[in-house]
Amino acid sequence: MARYVVRLRQDVERWVSNGLIDTGTAGKLLADAESRDRQGFGSGTVLAMMAALLLGAAILIFVAANWEAFPRLLRVGALFCVIAGGYVGGAIFRSRGHGAIGEALWIVAAAAFGGSLALIGQMYHISGDESAAMLTWCAATALAAIVLRSGPLTVAAVGIADAWLAGLLTGGLFSFSHVTTPHLFLPVAVFLFAISYWTQSATARHLILLSVIAYASWLVVDGNIVENGFVMACVSAGLFAVAHVAPREVDNVVRLGGRLPVHALIGFLVAMALLQIELEGEGTFVVAAAVTLAGIVAAIVLQGRTSRGLRWIAYLAFALELCLIYGVTMGTMLGTAGFFLFAAVLLGLLAVIILRLEKRMGQTRTDEGRA
């Protein structure tokens with residue numbers, strides 16, 4: 001973000017010198033960009049968060065190491081003081097203009113709350129499992145994010161939910177005994193996504209969408225891979241198409257800075273990869289591979305100009321796809337060459353069609369602008 005502000009300042013100075021905007025408008029543009037830059041995750045903020053996590057871990061490890069030496073009342077009081085001190089101290093620092101320190105102290109308090117759940121549960125022999133504890137931790141962190149309107153706390157709540165989901169998907173990260181499926185993650189994700197609007201955390205929304213892709217991938221593998229993978233690929237392609245046709249309207253809803261196509265492309269690539277792995281050795285593998293290559297090229301043509309991240313993801317996926325095709329068809333070099341020839345012709349035709357459509361759409365927009 002800081003680089004963007006620097007570039008914007010240079011552009012604004014050029015616009016003022018060329019008479020495109022006045023000095024008052026220039027000042028408002030720079031002030032808005034700099035205010036958003038302060039709200040974002042700069043390098044100082046990231047380092048402060050890392051220091052806060054290390055501090056929280058050190059406090060919890062110290063308390064846990066001397067757990068038996070403390071009386072019960074002192075144990076609970078010490079944990080409560082860490083939590084209250086983190087939240088109150090963070091609010092004081094933030095009210096005085098030290099936002100990074102304040103957010104860092106809130107992260108310490110949230111981490112201390114999670115550690116307190118485990119320590120107090122062990123001390124009083126409270127029944128339950130890690131799943132319930134992590135969901136409680138996530139809910140408490142999300143509540144703190146709402147009250148304090150904190151973006152980093154929202155990201156922390158999403159991270160806790162992701163850790164909970166990872167424990168269920170792997171089946172061995174945590175010993176969850178009462179929850180057998182991660183379907184509860186969907187309402188949790190919707191709840192956290194709604195909170196991210198209030199706390200203005202685009203980072204949390206990006207993480208949630210990536211987590212939803214992981215959840216959808218688990219659904220594909222857990223059921224009929226061909227059918228579920230096809231549905232996942234179609235939904236991802238549909239989201240990409242909607243985001244491309246109506247970018248402003250879509251971004252007004254999801255507020256991802258125009259990056260929904262990147263997530264849609266990732267979902268499409270994951271779905272097609274699972275499909276191709278399942279169809280390895282079958283004749284339909286060629287069709288799935290051709291569709292994947294066509295989707296990658298379409299993404300580059302349609303959104304490559306506006307998103308550098310999408311281009312790099314597409315380039316990497318294209319290279320990996322060629323490696324996958326070669327690995328599957330390496331038994332017959334003639335078959336590999338024939339497929340590459342077929343794919344080249346198909347992609348060439350697709351590129352021509354897309355370029356003509358883009359030209360017509362651009363001409364239509366120009367005519368509408370003149371009218």
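A search of the whole structure finds 2 salt bridges (a side-chain nitrogen of Lys or Arg within 4 Å of a carboxyl oxygen of Asp or Glu). The model is predicted, so local features need pLDDT of at least 70 and side-chain atom pairs count only at pLDDT 80 or more, while totals for chains, interfaces and linings use all residues. Residues are numbered from 1 along each chain as its sequence is written, and side-chain values use heavy atoms, with hydrogens and water left out.

Select Arg-14 and Asp-11 to begin. Their side chains form a salt bridge at 3.0 Å, N to O. The two residues lie 3 apart in helix α1 (residues 2–17), a separation of about one helical turn (helices are DSSP runs of H or I, at least four residues, numbered from the N terminus). Arg-14 is partly exposed at 42% relative accessible area, and Asp-11 is partly exposed at 25% (buried is under 20%, exposed over 50%, partly exposed in between, with a 1.4 Å probe and protein chains only).

Next, select Arg-94 and Glu-103, whose closest N and O atoms are 3.2 Å apart in a salt bridge. Arg-94 is partly exposed at 34%, whereas Glu-103 is buried at 8%.

Finally, select helices α10 (residues 225–245) and α12 (residues 260–278), which pack at about 160° with axes 8 Å apart (axes are lines fitted to C-alpha atoms over the stretch in contact; angles run from 0 to 180 degrees between N-to-C directions). The helices are therefore roughly antiparallel (over 145 degrees). Residues in contact (heavy atoms within 4.5 Å) include Phe-230 and Phe-240 of α10 and Phe-268 and Glu-278 of α12.

Technical notes: Parallel < 35°, antiparallel > 145°, perpendicular 65-115°, else oblique.
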